[in-house]
Amino acid sequence: MFRHQNIPALSEVSSTSLSNIRLIATDMDGTLTRRGKFTPALLQALEDLAASDIKVLIVTGRSAGWVSGLSAIMPVAGAIAENGGLYFPPENLEPVVLTAISDLAQHRQRLAMTFERLQTKFPRIQESADNRFRLTDWTFDVAGLSQDELQTLDSLCQQMDWGFTYSNVQCHIKPQGQDKAVGLLQVLREYLPHYSPEQIVTVGDSPNDESLFDRRYFPLSVGVANVLEYVNQLKYQPAYITSAAEGEGFCELSSYILKSLNIPS
C-alpha cells in the first residue's frame, strides 16, 4: 500500500505547459466514458481537439476486436489495445503487435491454462465477454473481488511468470513487461517520433493506467477525479487531477488545453 499524496488540481497547471500539448494519450473506460457510455460532450471535445490539430491516442485495456471497430469511427489518431499489446494506426490500417509473441495460438493456450489454475483457487471468477476477441492477454471480470484477492491473484500470476493488472472493468493476465507505458513509448518511437515529452499529456483513472503516470517518461499526466478511488494503491500517481470524474474530467482537461490556445471550448 502506498501512502496517499496530495495531488495538485488541474487548474494549477501553467497555461504555457498546456499550450505546448499536441498529443493526448488517454485511457478509455472511466476516463472518456461516463457510466460506461460516450457522451455528446465527450464527442464534441474530441472534435474540437482534432480541429485544433491536437491528436488523441486511446490507450486502453480493451480487446483487439473491440478497439479495431472503435478506433476506425472515432475522431482519434489511432489506439493502443490490450494494455500495450497492440497498436491500431489511423486510417484503419492493420494492427501492429507490440509484444514479441512468436506463436499467438500457443500463447492463447498458455493463457487459458493459467486462467484455469487461477479458477481452482477462485472458482467464481468468470472469463470476460470480450476475451475471445483478444490476442495478447486474458481477461476476467473484476466485479466482486476485494483488494486482498486482487493482490493474491497478482502474486499467483507472478509465480507463473505472467504479469497482472486490473481496471474498473476487468482483470488482465498478460506477458510480463507489457503495460501501457511500454506500448505507448514504442508507438511514439516508431510511429510518432516528432512529439517531444513536453508535447504529450497522459490521462487515466485506474491501476492499469499507473505506468502512464511515471514522470520519468511522461512529465505531464492527469488523473480524472475517480482515480482517487485507487490512488493509495499506485506507485506512480498522476501529476495533476481534474475536479470532475470520468468523461467530464477529460472534457475539463480538453477545455483547459483549448483555452490555453485562446480557442473557445
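Which residues does histidine 172 touch, not counting residues up to four places away in sequence? In this predicted model, histidine 172 touches Gly61, Asn83, Arg134, Asp137, Trp138, Thr139, Gly163, Phe164, Thr165, Tyr166 and Ser167, where contact means heavy atoms within 4.5 Å. The model is a prediction, in which local features need pLDDT of at least 70 and side-chain atom pairs count only at pLDDT 80 or more, while totals for chains, interfaces and linings use all residues. Residues are numbered from 1 along each chain as its sequence is written, and side-chain values use heavy atoms, with hydrogens and water left out.

Histidine 172 has its place in strand E8; helices (H or I, at least four residues) and strands (E, at least two) are DSSP runs, numbered from the N terminus. With a relative accessible area of 1%, histidine 172 is buried. Here, buried means under 20% relative accessible area, exposed over 50%, and partly exposed in between, with a 1.4 Å probe and protein chains only. Glycine 61 is 111 residues away from histidine 172 in sequence, yet the two are 8.2 Å apart in space, C-alpha to C-alpha.

What joins E7 to E8? The link is a hairpin, through 3 residues. E7 and strand E8 (residues 170–174) pair in the antiparallel sense over 4 bridges. Within this pair, threonine 165 stands opposite histidine 172, and tyrosine 166 has cysteine 171 as its bridge partner. Gly163 and Thr165 point one way from E7, Phe164 and Tyr166 point the other way, and all are buried.

Leucine 104, found in helix H4, is partly exposed, with a relative accessible area of 30%.

A second open sheet has 8 strands with mixed pairing, in the order E5-E4-E3-E2-E1-E9-E10-E11. Its edge strands are strand E5 (96–97) and strand E11 (240–241), each of which pairs on one side only. Strand E1 (residues 23–26) and strand E2 (residues 55–59) pair in the parallel sense over 4 bridges, and alanine 25 stands opposite leucine 57 in E2. Helix H3 (residues 64–73) packs on this sheet, touching E2, strand E3 (79–81) and strand E4 (86–88), and its direction makes about 20 degrees with that of E4.

Turning to charged side chains, the count comes to 9 salt bridges, a salt bridge being a side-chain nitrogen of Lys or Arg within 4 Å of a carboxyl oxygen of Asp or Glu. One of them joins the side chains of aspartate 27 and lysine 180 (2.9 Å, N to O). Aspartate 27 lies in the loop between E1 and helix H2 (40–51) and lysine 180 in helix H6 (residues 180–190), so the pair ties together parts that are 153 residues apart in sequence. Aspartate 27 and lysine 180 are both buried, and a network of salt bridges links Asp27, Lys180 and Asp209.

Two of the residues touched by histidine 172, Arg134 and Asp137, also meet through their side chains in a salt bridge (2.9 Å, N to O). Aspartate 137 and arginine 134 are buried. Another salt bridge is formed by aspartate 214 with arginine 216, whose closest N and O atoms are 2.6 Å apart. Aspartate 214 counts as buried at 5% relative accessibility, whereas arginine 216 is exposed, with a relative accessible area of 59%.

Technical notes:
Two strands pair if DSSP finds at least two bridges between them. Axes are lines fitted to C-alpha atoms, for helices over the stretch in contact, and angles run from 0 to 180 degrees between N-to-C directions.
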